[in-house]
Amino acid sequence: DAQEPWWKSAVIYQVWPASFKDSNGDGIGDLNGITSELDHIKSLGTDVVWLSPHYASPLDDMGYDISDYNAINPQFGTMEDMDRLLAEIKKRDMRMILDLVINHTSSEHAWFKESRSSRDNPKRDWYIWKDNANNWLSFFSGSAWAYDEKTKQYYLRLFAETQPDLNWENPETREAIYKSALEFWYEKGVSGFRIDTAGLYSKVQTFEDAPITFPGEKYQPAGPLINSGPRIHEFHKEMYEKVTSKYDAMTVGEVGHCSKADALKYVSAKEKEMNMMFLFDTVDVGSDKSDRFRYKGFNLTDFKDAIINQSEFIFDDETGELNDAWSTVFIENHDQPRCVTRFGNTSNKLFWSRSAKMLALLQTTLTGTLFVYQGQEIGMTNVPQKWDISEYLDINTINYWNAFNETEHSDEEKAELLKIINLLARDNARTPVQWDSSEYGGFGGKPWMRINDNYKDINVASQKNDPDSVLNFYRNAIKTRKLYPETLTFGRFEVQDYNNQEVFYYTKTSNKGQNKMAVVLNFTDREVEYPIPQGKLLLSNISNNIAGKLQPYEGRLIEVS
Ligand code: ISL
Ligand code: CA
């Protein structure tokens with residue numbers, strides 16, 4: 001639709017710099033490494049590159065702990081490297097968006113160093129200081145409060161101890177954030193931001209204890225006391241009005257979970273807050289939404305529900321037509337395990353390849369802006385189950401494992417948690433990208449995080465020119481998506497045969513109903529008899545389709561009218 005803004009039909013590729021490509025052999029991915037692989041990124045059909053934090057940072061939370069918004073992490077390169085990366089992206093007719101981490105800074109940021117220096121420092125109130133801690137649980141385990149010896153008060157830190165929360169109640173703090181974290185980069189020519197933890201800026205100011213979610217636990221999830229709090233929409237409106245509205249920019253907020261009413265405030269065009277957001281229904285399926293490692297599993301209707309919930313708010317309840325809100329399509333990012341392991345099947349090569357392609361077919365036919373995470377396009381998998389816990393490097397996993405081991409557990413309980421960690425840990429997304437079959441997968445020097453053992457079988461070089469590879473399936477599927485934007489990117493999404501636990505069948509209808517497609521996906525490792533809708537087969541992950549039957553992990557996209 002020519003009337004629609006560019007970011008609705010964009011395909012966005014996320015780069016997590018530490019593990020993308022190392023250009024100088026020090027074992028850490030870097031900006032020049034990204035520049036050297038822009039043709040690969042572009043070949044997928046990418047319109048926008050989302051760069052995860054590249055800023056100066058002690059890397060306690062891999063860059064989501066920023067010590068200077070206006071400097072590049074020297075391990076990733078220099079400002080000249082950044083300028084070149086941006087220029088090379090634009091040269092290829094793509095745009096760049098950055099990560100905007102403004103709920104907290106690193107404790108090494110100059111603002112926090114001042115704030116903690118004395119109780120009467122002018123920046124004391126830029127962070128959240130209290131005489132007493134409450135029972136809030138940190139997202140990274142333990143208390144959400146850290147005690148500071150020097151000034152004998154606690155500061156709030158919803159994430160790591162070295163990630164103090166900024167105080168958004170203070171207008172001077174907000175101005176400083178807008179100037180240094182946003183304006184600086186807009187002026188350099190970036191096209192917007194992925195807004196980290198976009199629902200967390202407004203804390204309920206009573207700082208009261210959270211109700212009990214996990215009986216018997218000392219710390220409890222703060223829930224609505226921090227999530228979509230009382231002033232959150234006011235803050236987003238201000239940020240949009242004062243900064244974002246001045247540029248040709250897109251924003252995508254990481255919200256996670258929220259009510260439909262809040263969703264429509266965050267991303268309805270008329271509200272002027274953000275363009276779209278990430279909701280976690282799908283990636284959290286089977287888990288407690290406050291603690292992913294409390295995992296119970298799920299069935300296919302839970303998965304269908306998750307996908308419905310993530311996008312139904314963009315359709316009018318009565319007419320079924322699009323309203324003025326917008327949604328995202330994603331199944332991986334740097335915080336999530338690999339989708340082929342989680343939702344597909346990696347037990348043999350055939351199932352791995354077919355289920356990776358089936359998930360590609362799912363993603364490229366859903367409504368919203370499509371996001372692909374580095375390595376997803378070649379079907380990278382979770383780390384092997386046999387890896388020792390010491391191979392995991394993410395602060396989230398390590399703190400969780402340590403907190404668990406503070407109390408006695410049987411060997412079975414430990415083994416059970418290790419299995420869940422292997423299934424769901426963020427580290428699964430953070431192993432180096434597998435470029436070829438040479439040492440360290442062609443990533444560069446000896447990588448900071450162990451490369452997945454399967455790099456000789458799964459890598460870009462072996463897939464690039466193979467017409468049957470996962471990579472070429474993604475390329476084709478994205479091409480197909482761009483050929484039929486009205487139906488695939490903007491179409492109405494309706495789940496059919498909802499109760500079926502083997503087959504995910506849905507239809508997509510263009511807004512005015514001229515064109516209709518059916519997507520049929522067999523989520524099992526068995527052949528399934530199925531009344532497959534008649535029509536023109538546009539795309540499938542197998543070549544020898546049989547009438548009335550779906551082979552294991554078979555998927556079809558069919559134009560039905
Ligand atoms: O991955 C999680 C822990 O299991 C989530 O709770 C995650 O921390 C949450 O979605 C916020 O994520 C974002 O902000 C974090 C950072 O660690 C994540 O990498 C980032 O995506 C703090 O900045
Ligand atoms: Ca490097």
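Guide: Let's start with burial: a residue is buried if 20 or more other C-beta atoms (placed from the backbone) lie within 10 Å of its own, exposed at 12 or fewer, and partly exposed in between. By that count, 47% of the 561 residues in the protein chain are buried. This is a predicted model, where local features need pLDDT of at least 70 and side-chain atom pairs 80 or more, while totals for chains, interfaces and linings use all residues. Residues are numbered from 1 along each chain as written, with chains lettered from A and ligands numbered from 1 in written order.

The chain has 15 helices and 22 strands (DSSP runs numbered from the N terminus: H or I of at least four residues, E of at least two). The helix I'd pick is α3, residues 79-91. Its 13 residues reach 18 Å from first C-alpha to last, close to the 18 Å expected (1.5 Å times one less than the residue count).

Now look down its axis. M82, L85, L86 and I89 are the buried ones, and they fall within an arc of 95 degrees, so they line one face of α3 (the arc uses directions from the axis to the C-beta atoms). Just past the end of α3, D93 takes a positive phi of about 65 degrees.

So much for the helix itself; next comes its cover. The buried residues of α3 are covered by elements including the helices α1 (31-36), α2 (38-43) and α5 (171-188), judged by contacts (C-beta atoms within 7 Å). Strands do their share too, among them β2 (48-51), β4 (68-72) and β5 (95-100).

β5 and β2 sit next to each other in an open, parallel sheet of eight strands, ordered β11-β10-β9-β5-β2-β1-β15-β14. Its edge strands are β11 (276-279) and β14 (328-329), each pairing on one side only. Follow the order to the β11 end, and you find β10 (250-256) paired with β11 in the parallel sense over four bridges. One of the contacts to look for there is V252, whose bridge partner in β11 is M276.

β11 also has a helix of its own to cover: with β16 (492-496) and β17 (503-509), it is among the elements over the buried residues of α8. Those residues are K304, I307 and Q310. They fall within an arc of 130 degrees seen down the axis of α8, so they too line one face of their helix.

Terms used: Pairing = 2+ DSSP bridges. Contact = placed C-beta atoms within 7 Å.
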